[in-house]
Amino acid sequence: MNTILENPTTSTTDEPAWLADRRAAGLEQFKNLPMPSARDEMWRFASVGRLSIDGYDATDAPAADTVAALVGRSNLVTEREGLSVYVNDAQANFEGISDELAAKGVVYLPIADAVAQHPELMEQYFLKESTELGSEKFFGLHAASIKAGSVLFVPKGVEIEKPFVNYYWTSGEKAAVFPHTLVIAEDNAKASVVDIFFSETEENEALNVSVSNIHAGAGANVFRKIVQDWNEKTVSFQLDTTVADRDAQVKNVAVNIGAERARFENQTRIEGPGADVKMYSLTVAEKNQEFDQRTFQTHNAGNAVSDLLYKNALLDNARTIFSGLIKVAEGAQQTDAYQTNRNLLLDPTAEANALPGLEILANDVRCSHGATTGNVDADELFYMMARGISKRVAMQLMVFGFFEEVIEKVESDELAENLRQLIRNKFESKIK
Amino acid sequence: MNTLEIKNLNVSIDGQAILKDFNLTIPKGEVHALMGPNGTGKSTLAKVMAGHEDYTVESGEILLDGVNILGEDPDEIAKAGLFLAFQYPLEIPGVSIANFIRAARQARLPEGEDINAVEYYKELYAKMDALKMDRKFTARSLNEGFSGGEKKRCEILQMSMLNPTCCVMDETDSGLDIDALRIVSEGVNLMRGPERSFLVITHYQRLLDYIVPDVVHVMFDGKIVHSGDAELAKELESKGYDWVQEEFVNAPA
Ligand SMILES: Nc1ncnc2c1ncn2[C@@H]1O[C@H](COP(=O)(O)OP(=O)(O)O)[C@@H](O)[C@H]1O
Ligand SMILES: [Mg+2]
């Protein structure tokens, strides 16, 4: 078998030396590290046996009419500052920034263009943040293979209200994709991005290894929303990091619906006092889906806040794993760090695993971590039905009620409504 | 025509009999009070009427407007016209009052027909104003973090929005201060009419000063042991439930 996984190739020949070096190092990392094993603490509860990444390959973009149709379907967010659409890692559409923003020094470009036009910036930030949560091997594969993605750079003091929206599509047979979103917000800059992961059909198998890195400078404000709605024939890794400097405010809101098997590694590193980082996630897991969520909140500076809330609703034989760690460094006093995982089991055959953890080396901190797993409450159901509401609608209301806490955090009526619709679609056939 | 007829109802839970040959008839338009000590089976009766499935119905009938509702699902019973104001209303996180009542109204419409949102909110706000509920409550999660009194008002709000023919109110007065009691009672009195009946379950006579019943029933150990007019509630209040036991249970007339 000659696949990208046996022989990853770098995409571009005329790349600068630093990038060639990083790709080569990534390739080494991918080749030398072993496949995850169930014995590895970082992969506890994960069904690593189902983690088949064989046979996927970088595929050409599909025919022009398919691409055009996917560009047409890239319509979750209409109010935006910029747009990029990739299909199988090939650029399908791009709406760049206005001259006005360009004049202020804002950069929004496809990765390759950013490397060519802003080499110093890219050398400083691109592929610099790996994961520490178990998928180092796959980060290596990503580094070796990345060609699709977008870079957003917002210079000091520039505030942009509308989001930049990146769509990553898969299509065709056994496509491997490596989307990359890089956000650099300098001091007191403000920016938001939406990353959306979609499959062309319900059937096309695909492998995703995506990376996103957010760098929020002092006083910067960054908002990232992620919609993962792959089809259920997709194996997906999302390796995301946030680095927050003094007084930075960063919010991540993820809605996870798709993939047969989805691994999430989400790291937050607080490097300056006064930073405030939020990580919110909601997941709908059905059939044999497995969502494997690993999170790491590191407080290297005191007087800062990190707040994590992951909510999962599970049906059928679906599984979720939440494993979170809060680490407060020595001297990071007056840290507020919270971590909450809530699982709602809609079927008795579903399985939610939770491994919350704390490692605190400072003495004056407020930290909490907790995980709860519960079924639909029979008394709540009776109460709702006693108003004339059918069981099916009552269950839907309860599930949406469970999710609403996260959905309302996207702070966009349009996107919130689109997300509710995506979730509704998934549930329509489910709750009888 | 009787709105409600309960005939020889026997209900148990975990093999323990709770309702024992229970009989009750409420003619259309009447307000009946059901009083009795704690643990006598009042809430059980209310929940069985509303279709709760945890209880084992050994025998009997419950007719709502002449149609048997025993064994029906709770949503079907509600749509048939029965409303139960809960003794302990549940908290439903993330489901706003407005959306909840709207879903309940929608459930009463034929397939494909939608609620007129403007009229719906107009009616909702008017009824909230009458119950002195802050309009901001519409967006709040149903009962979540509400005080006892707020929950009870919210029950009455739902009752008035859903237009039932038979209202069963389980200890609506508990948790209410005197002002709230007056407001809630006014809300109920406004709903009184020739087409609607009420079963007002209460432990105390206090509520019945405001919602004056046509008939008062005294329940003891799973069945009604004595019935009378509104004066009976006052007599009960002064003499206590021990009097009931001695007078009607130990030495039945
Ligand atoms: N779900 C239940 N499981 C077990 N026993 C119950 C349950 N509900 C009620 N009971 C019992 O049934 C009896 C009547 O209770 P209830 O109907 O709540 O009385 P009331 O409303 O008159 O105070 C009590 O002895 C109570 O303990
Ligand atoms: Mg009771």
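A: The account below covers the interface of the two chains.

This is a predicted model, in which local features need pLDDT of at least 70 and side-chain atom pairs count only at pLDDT 80 or more, while totals for chains, interfaces and linings use all residues. Residues are numbered from 1 along each chain as its sequence is written, chains are lettered from A in the order in which they are written, and side-chain values use heavy atoms, with hydrogens and water left out.

In chain A, 17 residues are in contact with 29 residues of chain B (contact: heavy atoms within 4.5 Å). The area buried between the chains is about 1800 Å², and carbon and sulfur atoms give 72% of this area (buried area: the accessible area, with a 1.4 Å probe, that two parts lose on being put together, summed over both). Of the area that chain A buries against chain B, 45% is supplied by A:Phe382, A:Tyr383 and A:Arg387, more than by any other three residues.

A:Arg387 also meets B:Glu155, side chain to side chain, in a salt bridge (2.7 Å, N to O). On the side of chain A that touches chain B, helix H7 (378–385) and H8 are the elements that give two or more residues (helices: DSSP runs of H or I, at least four residues, numbered from the N terminus). By class, that side has 9 nonpolar, 3 polar and 5 charged residues (nonpolar: Ala, Val, Leu, Ile, Met, Phe, Trp, Tyr, Cys and Pro; charged: Asp, Glu, Lys and Arg; polar: the others, Gly among them).

Methods
A salt bridge is a side-chain nitrogen of Lys or Arg within 4 Å of a carboxyl oxygen of Asp or Glu.
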